[in-house]
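I opened my notebook to record what I looked up in one protein. The entries follow the order in which I worked.

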Amino acid sequence: MGEFRFKQFAVSDDRSGMKISTDGVLLGAWAEIPEGCRRVADLGAGSGLIALMLAQRLVPARPDAEIFAMELDDGACADCRDNAARSPWAASVETLQGDASAVCAGREFDLIVSNPPYFATGERSASAARASARHEASLSARTVVDIASHTLSPGGEAAIIAPADTEADLIFHAELSGLKLRRLTRVASRAGRPPLRCLYRFTRADGPCTVETLDIRDASGAFSEDYARLTRPFYLNI
């Protein structure tokens, strides 16, 4: 069984369509936890990486926190349940299987996070699970915004990572849905290159928006200090 070990937990993704990626690690480390946060939803949770990262950050200070990892795919759900059960926060992380919109209906969350599928078109993977995990047919960033607009608590927040070329569309859709962009981080794979991903923080309350850039690697090819500082609580060797 393949296993990716972090400082405080381990993740197996053998049955998941989408494997452990930098995108997931970025979001789990970058997402801000609002004051008083108790109920968290990870939409399209895959093998549970982001849910476990948030558990590491939240549960020690808030033992009554509830973190719901929501996933449609059978294999990913099995991985997620096993990974949560083997973690130090087994009592706090619950895996829920089903369509995110349906599973979230009638619930309220203080924080919603999602690393949704990002290919709207193009050739699908030969693996049905991997195709579902990578294509927006299963869950789109717009759908995450729609869910957040209906289920966030009054002081709640949504944190999403998505391709940089969808930035204007996603911000506009969020505005129409009643969510305000409060932080935007454009992520490049290396210093001097154009951004490939954007990290978004949305809230119901309007206010100033912080705009930042983050290079994963510096010009020499080493991890940048900003990226190392952000992910150091999780990675074993950084």
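How many helices and strands make up the secondary structure of the protein? I counted eight helices and ten strands, taking helices (H or I, at least four residues) and strands (E, at least two) as DSSP runs numbered from the N terminus. I then noted that the radius of gyration is 17 Å, close to the 18 Å that the globule rule gives for 238 residues, so the protein is as compact as a globular protein of that length. This radius is taken over C-alpha atoms, and the rule is 2.2 Å times the number of residues to the power 0.38.

I recorded the basis of the entries. The model is predicted, with local features needing pLDDT of at least 70 and side-chain atom pairs counting only at pLDDT 80 or more, while totals for chains, interfaces and linings use all residues. Residues are numbered from 1 along each chain as its sequence is written, and side-chain values use heavy atoms, without hydrogens and water.

I looked up burial next. Buried residues make up 51% of the 238 residues, where buried means under 20% relative accessible area, exposed over 50% and partly exposed in between (1.4 Å probe, protein chains only).

I turned to strand 3. Five of the five residues of strand 3 (residues 39–43) are buried, so this strand is largely enclosed by the rest of the structure. On one side I found Arg39, Ala41 and Leu43 buried, and on the other Val40 and Asp42.

I finally checked the pairing of strand 3. Five bridges join strand 3 to strand 4 (residues 66–71), and the two run parallel; strands pair if DSSP finds at least two bridges between them. Leu43 has Met70 of strand 4 as its bridge partner.
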